[in-house]
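Open the model in your viewer and keep the selection panel at hand. The tour goes stop by stop.

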Amino acid sequence: MANYKGYLIAFNKNIFPNKCIAEYSTTPNQRMEVSAERDNNGDLQRKTLSNHKTNITFSTHILFLDDKIKIQNIINKGIVNSTQRKCKVEYWNDEDNRYKTGYFYIPDVEFSVMDASSNDIQYNPITFELIEY
C-alpha cells in the first residue's frame, strides 16, 4: 500500500485525525510558469520553474465547541509564524504517492454557527485551505 501511514495531513508532526475530515482535496505539485507564450509557428513555449507547489483544502464534519478547539490546537502546533499564519505541514501527495513536507499559509477561516445553546456551540462544517509557500 505504497508508503501511506494512515493519515492525510499532520501539522508539525501532529496528526490531524481523519475522523474529523468530511472532505479532503489536493492539487499537488502545481507547475509555476515564468512565462508561456506562442512563437511565430503557434507552438507554445513554456518556461516552468523547477520547484512545485501544492494546495490543500479540507472540511470538517459538524463540530461542537470542544472538538473545534481540539482541531485548532492541532493546527496551531504547526504554526511557525502566527502573523502570516504560516505552518509546517506533512501531507499525503497523491501525484508522488508519498508524504511530503512543506510550509503553507492558511487564509482566513470562516466559522459558521449552526446552533448556540446556553452551554455549547455547534458549528457547520469548517473549511481550511492551505497554500504552499
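Predicted model: local features only at pLDDT ≥ 70, side-chain atom pairs only at ≥ 80, totals over all residues.

**Stop 1: R85 and its partner**

Stay on R85. It sits in the loop between β8 (79-81) and β9 (86-93). Check the backbone: phi of R85 is near 55°, a positive value in a residue other than glycine.

D108 and R85 form a salt bridge, with the closest N and O atoms 3.0 Å apart. D108 belongs to the loop between β10 and β11, and R85 to the loop between β8 and β9, so the pair ties together parts that are 23 residues apart in sequence. D108 counts as exposed, at 70% relative accessibility.

**Stop 2: the other salt bridge**

The structure holds 2 salt bridges. Select K100 and D96 next. They form a salt bridge, and their closest N and O atoms are 3.1 Å apart. K100 is partly exposed at 23% relative accessibility. D96 is partly exposed too, with a relative accessible area of 29%. As background, side chains of opposite charge can pair when their charged atoms come close.

**Stop 3: N97**

Move to N97. It is found in the loop between β9 and β10 (98-105). N97 counts as partly exposed, at 41% relative accessibility.

**Stop 4: a three-stranded sheet**

Show β7, β12 and β11. These 3 strands form an open sheet in the order β7-β12-β11, and the pairing is antiparallel. Which strands stand at the edges? They are β7 (63-64) and β11 (113-116); each has a single partner strand, so one side of each is left without a neighbour in the sheet.

Zoom in on β7 and β12. The two strands run antiparallel, and 2 bridges join β7 to β12 (residues 121-123). Pick L63: its bridge partner in β12 is Y123. In general, strands of a sheet pair through backbone hydrogen bonds, either parallel or antiparallel.

**Stop 5: a nonpolar patch**

Finish at the surface. Select V80, Y103, Y105 and Y133. They form a nonpolar patch there, with about 360 Å² of accessible area together. Centre on Y133, which lies in the segment after β13 (127-132). Y133 is partly exposed, with a relative accessible area of 37%.

How values were computed: Residues numbered from 1 in each chain as written. Heavy atoms only, no water. Patch = residues over 30% accessible without salt bridge, like charges linked within 9 Å, V, L, I, M, F, W, Y side chains within 5 Å. Areas by Shrake-Rupley, 256 points an atom, 1.4 Å probe, with all protein chains shown as cover. Salt bridge = Lys/Arg side-chain N within 4 Å of Asp/Glu carboxyl O. Helix = DSSP H or I, 4+ residues; strand = E, 2+ residues; numbered from the N terminus. Buried < 20%, exposed > 50% of the residue type's maximum accessible area, 1.4 Å probe, protein only. Pairing = 2+ DSSP bridges.
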